[in-house]
Structure formats: structure tokens, C-alpha cells
Amino acid sequence: MEAIGKSLKEALKSAQCEDRLTVGVYESAKIMNDDPDSVSFCVLATDEEWECDIALQIHFTLIQSFCFDNDISIVRVNNMQRLAEIVGDKAGQPEDAHCCLITNPADGSWEDAALEKLHLFCEESHSLNNWVPEITLLER
């Protein structure tokens, strides 16, 4: 499980460097609405502070449904603060990291080994009826 957490971190960093990462629930919903075919991977994050937020849970349900309908791989992480540290802006400011999307490269190339591992992890989880697998992000 530690290896899949490392793959998630690598995929997020790679997507961020290539400007293929969208962070935030509303920003992600806009991308999904405008260009759903461009979305490759979705990460939902929550922690104890947010798990009772009904509005956030409704957003998560809608995002999950959209991902299932559009064959987008999706995972949950249980440490939103750690995810925010990974995807924080260039000034080091943490962002609203409840939802992160990785989009496909514009040039059509597809050579991201970490992202391929994540897609395979999701496929394997689906075969075990775990439709939104959870990944643990280790502290630095």
C-alpha cells in the first residue's frame, strides 16, 4: 500500500509540473462539465474535520457518480492536509484539496508510469467490489 501512495504522489507532482492538475471541488466540477473526456484520474480527500460536512459529501457523491459514468479512475485519501501539501501552489500555500483531477496530456502522449500503476490499482480494486479505493499518503 505504501508503493501506491508513492505512485499517487508522483502522478500528482508530474501532472502539476505539466499543468495537468486541477485542485478544488468547484474547479474540478467545472473541468468535468466543460471537457469530461480530458479527465484521466480523480482524487477525493477528507479527514475527520470534514467527514460530517453534508455539502461536501453530496459533492463527493456527485463527483463519484460522474467518474463512474465516464470511466474515470477515482480514489480517496484520508489525509487532506497531506494532499494539500503535495499539491500546494508554488508559493507553498495549501489549497482546497478536497478534489484533485489529473487531465490527459494535450499532445495525446501517454507515458506516465505512476498514473498507469494507479489505473491498474483501481481496476484491481473494482474486481474486488471496492469502487472507490482508499490510499494512505505517508507523512514526509
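**Briefing**

Serine 38 is buried, as its relative accessible area is 16%; buried means under 20% relative accessible area, exposed means over 50%, and partly exposed lies in between, with a 1.4 Å probe and protein chains only. The model is predicted, so local features need pLDDT of at least 70 and side-chain atom pairs count only at pLDDT 80 or more, while totals for chains, interfaces and linings use all residues. Residues are numbered from 1 along each chain as its sequence is written, and side-chain values use heavy atoms, with hydrogens and water left out.

**Overall fold**

- The protein has five helices and five strands; these are DSSP runs numbered from the N terminus, with helices being H or I of at least four residues and strands being E of at least two.
- Read from the N terminus, the order of elements is α-β-α-β-α-β-α-β-α-β.
- The radius of gyration is 14 Å, which agrees with the value near 14 Å for a compact globule of 140 residues; the radius is taken over C-alpha atoms, and the globule rule is 2.2 Å times the number of residues to the power 0.38.
- The C-alpha trace spans about 40 × 35 × 35 Å along its principal axes.
- Of the contacts with a separation of 6 or more, 78% are between residues 24 or more positions apart; a contact means heavy atoms within 4.5 Å.

**Surface and charge**

- Among the 140 residues, 46% count as buried.
- The protein exposes about 7,900 Å², and carbon and sulfur atoms supply 51% of that area; accessible areas come from the Shrake-Rupley method with a 1.4 Å probe, and for residues only the protein chains shown count as cover.
- There are 10 positive and 27 negative charges, and their mean positions are 7 Å apart.
- In this count Lys and Arg are positive and Asp and Glu are negative, while His and the chain ends are not counted; each charge is placed at NZ of Lys, CZ of Arg, CG of Asp or CD of Glu.

**Serine 38 and isoleucine 31**

- Serine 38 sits in the loop between α2 (25–34) and β2 (39–45).
- Leaving out residues up to four places away in sequence, serine 38 touches Ile31, Ile102, Thr103 and Asn104.
- Isoleucine 31 belongs to helix α2 and counts as partly exposed at 27% relative accessibility.
- Beyond four places in sequence, the residues that isoleucine 31 touches are Thr22, Pro36, Ser38, Val39, Leu101 and Thr103.
- Isoleucine 31 and valine 87 are 56 residues apart along the chain, and their C-alpha atoms are separated by 17 Å.

**Asparagine 79**

- Asparagine 79 is in the loop between β3 (73–77) and α4 (80–87).
- Asparagine 79 counts as buried because its relative accessibility is 16%.
- The asparagine 79 side chain reaches the backbone nitrogen of arginine 82 at 2.9 Å.
- Not counting residues up to four places away in sequence, asparagine 79 touches Thr46, Leu137 and Glu139.

**Two aspartates with positive phi**

- Aspartate 19 has a positive phi of about 55° although it is not a glycine, and its place is the loop between α1 (2–17) and β1 (21–23).
- With 70% relative accessibility, aspartate 19 counts as exposed.
- Aspartate 71, also not a glycine, has a positive phi of about 55° and lies in the loop between α3 (54–69) and β3.
- Aspartate 71 is exposed, its relative accessible area being 74%.

- Leucine 115 is part of helix α5 (residues 113–127) and is buried, with a relative accessible area of 0%.
- Leucine 115 and alanine 15 are 100 residues apart in sequence, and the C-alpha to C-alpha distance is 9.5 Å.
- Phenylalanine 66 lies in helix α3 and is partly exposed at a relative accessible area of 23%.
- Phenylalanine 66 touches Met32, Pro36 and Ile72, when residues up to four places away in sequence are not counted.
- Phenylalanine 66 and arginine 140 are 74 residues apart in sequence and 32 Å apart in space, C-alpha to C-alpha.

Note on methods: A polar contact is a pair of N or O atoms within 3.5 Å; within protein, one must be able to donate a hydrogen and the other to accept it, and residues adjacent in sequence count only if both atoms are side-chain atoms.
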